[in-house]
Amino acid sequence: MSASGLNSLEKKAAFSLATVFGLRMLGLFMILPVFAIYGPELTGFSPIWLGLAIGAYGLTQALLQIPMGILSDKFGRKPIIMGGLVVFAIGSVVAAMSDSIYGVVLGRALQGTGAIASAILALAADLTREEQRPKVMATIGMFIGLSFTLALVVGPLVGESFGLSGLFWFTGILTIFAMLMIQFMVPNSVHKAPKGDNVAMLDQLGHLVKHPQLARLNIGVFVLHMALTACFIYLPTRLVDSGLALEQHWRLYLPTLLGSFFLMVPFMIFGIKKGKEKEMFMAAITLLAVTLLMFGVLANTTTTLIVLILLFFVAFNYLEATMPSILSRIAPAGVKGSAMGIFSSSQFFGAFAGGAIGGWLANSFDATVVFLVMALIVTIWLFAASGMKRHAKSKSFSFAAHFSSEQQADEVAEQLVNMPGVVEATLVYSEAVAYLKLDDKVANIKEIKALLNS
């Protein structure tokens with residue numbers, strides 16, 4: 001079995017789990033570009049309920065993300081994932097059959113209750129070798145980004161052809177495909193990856209919430225997704241007002257999203273190669289704030305909106321791609337699962353808050369106030385992010401280890417941290433595992449394994 005690339009099992013796991021994750025996120029995101037247009041047809045509609053319908057999934061996702069991951073560790077990954085998809089499908093049917101905004105909000109909340117992200121990531125870790133795991137996680141991340149792009153393109157087309165209820169029926173059909181993939185394509189787990197790096201542990205959560213550097217990232221992803229959700233309460237309406245019919249919106253979203261990916265990549269490469277990652281991160285937050293401000297003050301011409309949407313997604317995609325990478329370097333060894341659980345929950349709480357606050361602002365004031373308030377909140381994030389520290393480049397590894405006692409584990413840990421390339425070491429005697437952060441260009445992994453098994 002070659003360690004230089006993915007083996008057949010890992011390729012199958014990467015593609016199938018990434019597809020399941022992508023189908024589910026596609027179903028959640030498709031409502032964004034159309035609900036502001038079709039929502040007024042529902043009984044009980046108001047801007048507040050519009051915001052709640054868009055963001056309701058975020059609240060239930062945030063509350064259940066960590067518990068579902070813990071349950072998957074106890075009862076198995078596949079049963080929890082299948083159960084979550086069943087609940088997601090039920091939520092889609094509830095929303096599809098509702099003639100009132102309240103039913104749609106209930107359906108969206110039920111969709112979020114099927115919070116399977118942490119269980120999918122844990123299963124992906126179980127099915128892959130340590131050295132190949134980053135490739136599989138990157139594949140899943142790529143599919144999430146692709147699902148968002150497809151949602152903004154497909155949503156208006158499905159909505160124009162089948163209406164709002166058709167969108168939710170389509171989401172239900174996608175969920176059935178995801179369930180079939182879990183049942184027949186996703187391999188069964190042959191082993192479990194070390195728990196601390198993949199599943200949240202309750203005893204670590206309080207400590208990590210107070211971690212000053214992680215807190216800045218959690219605040220950041222909260223604000224980023226708050227701004228995204230709040231913008232789509234009003235943005236589709238502005239596009240229609242500018243003269244762009246709903247069925248034409250995909251012609252705007254597709255090139256601007258693809259263009260934003262091409263534009264952000266050079267900045268990412270520059271930041272990494274020149275050691276300017278923090279400066280580029282701050283520049284992206286600044287661009288996001290300025291773009292939101294411009295949304296609020298500039299006229300509704302199609303050209304203006306195209307430019308602003310392009311700039312918005314350059315900033316959004318850059319921040320969305322870089323924050324998990326920063327988190328993996330900041331999170332203490334052995335608790336990345338807990339740190340990622342808090343990060344993901346913050347992201348979904350942000351989506352809910354963006355819908356709720358954006359809906360309230362649009363209902364109480366002129367809708368352009370939504371953009372101005374979000375610009376102000378992003379500016380506050382900019383000042384908070386300025387205190388981020390630069391961290392040495394490192395990768396997380398976990399190795400099986402054999403200790404005769406806690407004392408021996410402590411002695412080995414002390415030897416490890418004095419070895420070249422070892423940034424951090426956490427040895428857990430009860431789990432017989434060593435969590436390490438390494439500069440893999442300097443560290444000698446053979447020597448490290450030999451020490452752990454001596």
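I take contact to mean heavy atoms within 4.5 Å. With that, I looked up the contacts in the protein with a separation of 6 or more, and residues 24 or more positions apart account for 83% of them.

Notes on the source: I'm working on a predicted model, where local features need pLDDT of at least 70, side-chain atom pairs count only at pLDDT 80 or more, and totals for chains, interfaces and linings use all residues. Residues are numbered from 1 along each chain as its sequence is written, and side-chain values use heavy atoms, leaving out hydrogens and water.

**Overall**

I get 17 helices and 3 strands for the protein (DSSP runs numbered from the N terminus: H or I of at least four residues for helices, E of at least two for strands). The radius of gyration is 22 Å, close to the 22 Å from the globule rule for 454 residues, so the protein is as compact as a globular protein of that length. That radius is taken over C-alpha atoms, and the rule is 2.2 Å times the number of residues to the power 0.38. I also noted that the C-alpha trace spans about 70 × 45 × 35 Å along its principal axes. Of the 454 residues, 54% count as buried (under 20% relative accessible area; exposed is over 50%, partly exposed in between, with a 1.4 Å probe and protein chains only).

**H4 and H6**

Next I checked how H4 (residues 77-96) packs on H6 (residues 117-126): the angle is about 150 degrees and the axes are 9 Å apart. Axes are lines fitted to C-alpha atoms, for helices over the stretch in contact, with angles from 0 to 180 degrees between N-to-C directions. H4 and H6 are therefore roughly antiparallel (over 145 degrees). Their crossing is left-handed, as the near helix is turned anticlockwise from the far one by less than a right angle. On the H4 side I find Arg77, Lys78, Ile80 and Ile81, meeting Ala119, Ile120, Ala122, Leu123 and Asp126 in H6. By class that contact has 6 nonpolar, no polar and 3 charged residues (nonpolar: Ala, Val, Leu, Ile, Met, Phe, Trp, Tyr, Cys and Pro; charged: Asp, Glu, Lys and Arg; polar: the others, Gly among them).

**H12 and H13**

I then went to H12 (residues 277-297) and H13 (residues 302-330), whose axes come within 9 Å and cross at roughly 145 degrees. This crossing is left-handed. The contact of H12 with H13 holds 20 nonpolar, 2 polar and 2 charged residues.

**Gln408**

Last, I looked at Gln408, in H16 (residues 406-417). At 22% relative accessibility, Gln408 counts as partly exposed. Leaving aside residues up to four places away in sequence, Gln408 touches His402 and Phe403. I also checked Gln408 against Gly159, 249 residues apart along the chain: their C-alpha atoms are separated by 63 Å.

Technical notes:
Parallel < 35°, antiparallel > 145°, perpendicular 65-115°, else oblique.
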